[in-house]
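Subject: Structure handover

Hello,

Here is the structure for you to look over. My notes follow below it.

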Amino acid sequence: MSEYKLGEVEMRFANLIWENEPIPSGELVKLCEKELNWKKSTTYTILRRVCDRELFQNENGTVASLVSREEFEAVQSRQFVDESFGGSLPKFLTAFTSRNKLSEEEIREMEEIIEKNRAR
């Protein structure tokens, strides 16, 4: 994969694809016109951009993802922690929880994640 970073507009476009894939490119053009107020040329320009980044493909007029939304978000999260907290998840959690009190449910979910990963 060439580049995982997407701008706001590309992200909105990517979400439309993930929510509707596989989707014929002609239908994607109509959807972008309706949802984003884009012209056909804009849709194909942005489509080419995200395909060049190897996130999506346009094969035989059908657009589909090469990277799932979940995988994309996982890499984005890791990149954020790496860039902002030197790769330290504990530093990120400390910063996050210094202003945001975790609910009992969130604590329970995090404990489950830790236990699941401890078993690996």
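How many disulfides does the rule count? The count comes to zero, where a disulfide is a pair of cysteine sulfur atoms within 2.5 Å. Cysteine 32 is in no disulfide; its nearest cysteine sulfur belongs to cysteine 51, 12 Å away. Cysteine 51 is likewise in no disulfide. Cysteine 32 is buried, at 0% relative accessible area. (Buried means under 20% relative accessible area, exposed over 50%, and partly exposed in between, with a 1.4 Å probe and protein chains only.)

Some ground rules. This is a predicted model, in which local features need pLDDT of at least 70, side-chain atom pairs count only at pLDDT 80 or more, and totals for chains, interfaces and linings use all residues. Residues are numbered from 1 along each chain as its sequence is written, and side-chain values use heavy atoms, leaving out hydrogens and water.

**Overall build**

The protein chain has six helices and three strands. Their order from the N terminus is α-β-α-α-β-β-α-α-α. (Helices, H or I with at least four residues, and strands, E with at least two, are DSSP runs numbered from the N terminus.) The radius of gyration of the protein chain is 18 Å, well over the 14 Å that the globule rule gives for 120 residues, so the chain is more spread out than a compact globule. (The radius is taken over C-alpha atoms; the rule is 2.2 Å times the number of residues to the power 0.38.) The C-alpha atoms fill a box of roughly 45 × 30 × 30 Å along the principal axes.

Of the 120 residues, 24% count as buried. Take the contacts with a separation of 6 or more: residues 24 or more positions apart account for 54% of them. (Contact means heavy atoms within 4.5 Å.)

**Loops to look at**

Start with proline 22, in the loop between helix H1 (8–20) and strand S1 (23–24). The peptide bond from glutamate 21 to proline 22 is cis, with omega near -15°.

Next is asparagine 37, in the loop between helix H2 (25–36) and helix H3 (40–52). Asparagine 37 is not a glycine, yet its phi is positive, near 60°. It counts as exposed, at 68% relative accessibility.

Then comes glutamate 54, in the loop between H3 and strand S2 (56–59). Glutamate 54 has a positive phi of about 60°, again without being a glycine. Its relative accessible area is 39%, which is partly exposed.

Best regards
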